[in-house]
Amino acid sequence: MEQTPVAHVLIFPFPAQGHVNSMLKLAELLCFSGLYVTFLNTKHYHKRLLRFTDAETRFESFPKFRFQTITDGLPDDHSRSVSYIKDLITGIESVQPAFRELMISNNLNSDNWPPVTCTIIDGLIAFFMDVSKELGIPSISFRTTSACYLWSCFCYQNLTEAGEFPFADNDMDKLISCVPGMQGFLRRRDLPSFYRIKELNDPFLKLAVTQTINSTRASATILNTFEDLEGPILSEMRPHFPKIYTLGPLHAHLSSRRTNSFAPSDSSNSLWEVDRSCMTWLDSQPLKSVVYVSFGSIALMTRNEMLEFWHGLVNSGKRFLWVIRPDSVKDNDQKSQIPTELTEGTKDRGYMVGWCPQEQVLVHPAVGGFLTHSGWNSTLESIIAGLPMVCWPVMGDQQINSRFVSQVWKIGLDMKDVCDRLTVEKMVNDLMENKRDELARSMDEISQMAKKSVSEGGTSWCNLEELIEDIKSMKL
Ligand code: UDP
C-alpha cells in the first residue's frame, strides 16, 4: 500500500523585516499542527534575528522546527544599510543555484528529517518556485502584502493597454478606470509607488509585476488578510490566481491559537534592539492621549520632512511617541543626522525611541491614534488594536493601502504626497479630536471582524485548517 509521506514544509521569506516577521508567524502556526517546518533565513538576517530576539528559544519547544541559512547573494562586506533593498533584489536572484543545492543535498534529509514535501516561497522571490517545481515539490506562494496591492500589480497589463500607465505627474488625481473593483476611488497617486516612474525597466516595477504574475504559477497562494476586509478584491482575483487561503491578520491568528486571546506576546521578530523604556513612559500618560508615530523598517525621509512632522506634532499640542530609526534620514551627510530640535526640544510631551515593541504600544491604553507609513503589517496591527490612523505612505504598497484605509474602510485619514507642518497639525487634531468618534466607529466594526476571522470557526481559522490538510495530502 502506498504510504503518505510525512509532511515537511520549507518556508523561504524575502529577507526584510515585514516579510520574515509574518512568515515566522505562519511557521509557528504550522508548528502547532505538528508539521515538520524548515525556515530558511539568509545568513545576515539570521544573525540579527538571533541577536535581537528570542526566536531561537521560542522555537525550541517545537522539535519538528528548524532554522537553516543561505546567502543573500551580497558580498560579506556589504554595508547592508537600510537602503540596500535595491542591491538585495538583484543579489538574491543569484542565490538560485545555492537554493537548488540546498534542496537536493542531504542537508534536508539528514538527522532523521523527512524530505521536503512542500515549499512556501515569498511571492516577491517567486523565481525560487522554479527550483521547487523542477524537483517535483509543490510550491505555495506567500504574499506579505494586501490583496488590493497584489491586484493592482497584476493589472499592469490592463493599465498599459488602456494607456493609463505610464502617466505624467501633472494630474495625479485623475481616476484609474481599468483596475476592476477599484473604479471610482483609485487615483493615479494611489497606485503602488513604482507606477510613478517613467522608466519601464525600473527594477522595483519589474520585480513587483513579474513576480506577481509568476507567483500565479504556484499551487496555491497564502495572503495575510481576511475575507471581511478585502472580499470584493479577492473575488476579482480568484479567477486569475491559484487557490487563495486568507489567513490573516497573522499576528492575531497566532495569539489566538497560542493563548486564546489577542494580547500581543513579549516576543518579537525585530531586526533592531527594542527599547522598552517607552512602555514606562506610556504608563504615565492619560488615557488615549498619545499619537504613536512610526514609518516602519525601510522608509526614509529627508531632514526637512522630519522637521515638518516634528513641528506639526508639537503644534498640535498632542503627546506623541515617535520611532526614529537611527538610519531613517535620507541624505547621509553630517547635516542630515536627526535634527537636534527633535532630540532635545521635545521635553515632556514627546518621547523618542529607535525601535519599540510596536504590537504592545498599539494596544497600550494611553495610545489614541497611529501616524503610520501604511505598511501592511502596521495596518493590520492597528486594525487589531482598534486604533484609527493618519497615513503618510512612502513607497511600494503603502500608497494603495492608505487609499483603502481612508476611502474604503474609513478607518483613517490619508495625507499622501503632502508633508508640511500645518497639514500634520490638522491631521493629528482630526485623528485625536475632530474626527475621532466617526473613525473609531468604523474601526471598531472592522476590528471586531478581524478578531472574528482568526477565532475558532472564523474564515482565517478555517482556511488555516484547510491549508494544513491540503499540505498533508500533497504528494511528491
Ligand atoms: N515594528 C516594530 N517596532 C517599531 C517599528 C515597527 O516592531 O518600532 C514592526 C511592526 O510591528 C511591523 C513591522 O515592524 O510588524 C513593519 O512592517 P510593515 O509591513 O508595517 O512596514 P515595513 O517595515 O515593511 O515598511
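Visitor: Which residue in β3 stands opposite Thr42?

Guide: Ile70 stands opposite Thr42. This is a predicted model, where local features need pLDDT of at least 70, side-chain atom pairs count only at pLDDT 80 or more, and totals for chains, interfaces and linings use all residues. Residues are numbered from 1 along each chain as its sequence is written.

Visitor: What makes β2 and β3 a pair?

Guide: Two strands pair if DSSP finds at least two bridges between them. Six bridges join β2 to β3 (residues 65–70), and the two run parallel. Strands here are DSSP runs of E with at least two residues, and helices are runs of H or I with at least four, numbered from the N terminus.

Visitor: How many bridges join β1 to β2?

Guide: Four, and these strands also run parallel. Leu10 has Thr38 as its bridge partner in β2.

Visitor: What makes the unit of β1, α1 and β2 right-handed or left-handed?

Guide: Point the strands away from you. A path from the first strand over the helix to the second that runs clockwise is called right-handed. The β-α-β unit of β1, α1 and β2 is right-handed.

Visitor: How do you know whether β2 is mostly covered or mostly open?

Guide: Seven of the seven residues of β2 (36–42) are buried, so the strand is mostly covered. Buried means 20 or more other C-beta atoms within 10 Å of a residue's own, exposed means 12 or fewer, and partly exposed lies in between; C-beta atoms are placed from the backbone. In a regular strand the side chains alternate between the two faces of the sheet. In β2, Tyr36, Thr38, Leu40 and Thr42 point one way, while Val37, Phe39 and Asn41 point the other.

Visitor: Why is β11 called largely enclosed?

Guide: Because six of the six residues of β11 (367–372) are buried. Five bridges join β8 (290–294) to β11, in parallel. Val291 has Gly369 as its bridge partner in β11. Three bridges join β11 to β12 (389–391), also in parallel. Thr372 is partnered by Cys391 in β12. From β11 the chain crosses through α16 to β12, and this β-α-β crossover is right-handed.

Visitor: Why does Ser374 count as buried?

Guide: Ser374 has 32 C-beta neighbours inside 10 Å, so it counts as buried. Ser374 sits in the loop between β11 and α16. Its phi is near 70°, a positive value in a residue other than glycine.

Visitor: Does Asn260 count as buried or exposed, and why?

Guide: Exposed, because Asn260 has 9 C-beta neighbours inside 10 Å. Asn260 lies in the loop between α11 and α12. Phi of Asn260 is near 60°, also positive. Most residues other than glycine have a negative phi, and most peptide bonds are trans.

Visitor: What surrounds the ligand?

Guide: 20 residues do, and the closest are Gly18, Gly296, Ser297, Gly375 and Ser378. A residue is near a molecule if its C-beta atom, placed from the backbone, lies within 6 Å of it. Helix α16 gives the most to this shell, with four residues.

Visitor: How do you know where the ligand lies relative to domain 1 and domain 2?

Guide: Both domains give residues to the shell, so the ligand lies between them. The domain bounds come from an automatic or database domain assignment.
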